Amino acid sequence: MASLTKNLILAFLCVLFGFVCFSNAQLSSNYYGASCPNLKTIVGDAMKEAVNREARLGASVLRLFFHDCFVNGCDASILLDDTSSFTGEKNANPSMNSLRGFEVIDTIKTQVEAACPNVVSCADILALASQKGVALLGGPSWTVQLGRRDARTASRSTANAQIPMPTSSLSTLISHVLRQSHTIGQARCASFRNRVNNDTNIDSGFAATLRATCPASGGDGNLAPLDIQTPSQFDNKYYQNLEARRGLLQSDQELFNGGSQDSLVKSYSSDGEAFKRDYASAMVKLGNISPLTGNNGEIRRNCRAIN
């Protein structure tokens, strides 16, 4: 299983679109040790407050991190509002009406700026907040490398091209994205309506239950958990759901549908600790995708706008 995991999980992230994805010498876990020594405490406390208020926010912030890193690297471009000079990524097709948690990052940034003005990037705040959110929901911890700088632009067209849709095929998923974060969070009816009303590779009872929430028409914004067993707990129940044909999204069930990933799903379904270890390793790799460092980019004062 170790070889399979290495090839099918870490490689998903490290080979994405030819991005740089290796240990970046300019990133360091102690990058702000002198300039902002309380950074991790500030981020951790704010995330704990947010997740205690609404557990879903842990998954929402994590999703922001994924959508950020898959579009030109982990540079906080996902946080930028549209301007007269560029159309941002917030309303790209895979993200429209579904990305949330921006206000959590705003709150953390305000607190960090009060303690350490003009020092910590929004990209690093998002990376730290994502790790803390996963840990608060019972998931693994990992060492977050820091020292990223923030992008000065964003691209909706690039986001449309590089972020998979909920209906993506297995080949698209292997080329684009790691689905394991779907052990937490929720999805809108609009993203799983076709699956619960038309797909055949779905448990009939599961589909019938979901049709009450997501009818053939209407209710686009109605929510259902990505993991029906433990929706607010980071664990391996997601894989058990796939084996039972209870994947909420079509793209989830593609991972267990008679294809090349079936054996990986079975492995993680029976070994939750292996899943968590491999997930933590993959997240470190994800955070290394094309960071802006040195004099590239900037340190935004407001995560929603360039300076």
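Mentor: What follows is a set of questions and answers on the disulfides of this chain. The model is predicted, so local features need pLDDT of at least 70 and side-chain atom pairs count only at pLDDT 80 or more, while totals for chains, interfaces and linings use all residues. Residues are numbered from 1 along each chain as its sequence is written, and side-chain values use heavy atoms, with hydrogens and water left out.

Trainee: How many disulfides are there?

Mentor: A disulfide is a covalent bond between the sulfur atoms of two cysteines. Here it is taken as a pair of cysteine sulfur atoms within 2.5 Å, and by that rule the count is four.

Trainee: Which handedness does the disulfide of Cys36 and Cys116 have?

Mentor: The sulfur atoms of Cys36 and Cys116 are 2.1 Å apart. Because the torsion about their S-S bond is about 75 degrees, the disulfide is right-handed.

Trainee: How many residues apart are Cys122 and Cys303?

Mentor: These two cysteines form a disulfide with sulfur atoms 2.1 Å apart. Cys122 is in helix α5 and Cys303 in the segment after α13 (272-287), where helices (H or I, at least four residues) are DSSP runs numbered from the N terminus. The pair links distant parts of the chain, and the separation is 181 residues.

Trainee: Is Cys303 buried or exposed?

Mentor: Buried means under 20% relative accessible area, exposed over 50%, and partly exposed in between (1.4 Å probe, protein chains only). Cys303 has a relative accessible area of 2%, and therefore Cys303 is buried.

Technical notes: Helix = DSSP H or I, 4+ residues; strand = E, 2+ residues; numbered from the N terminus.
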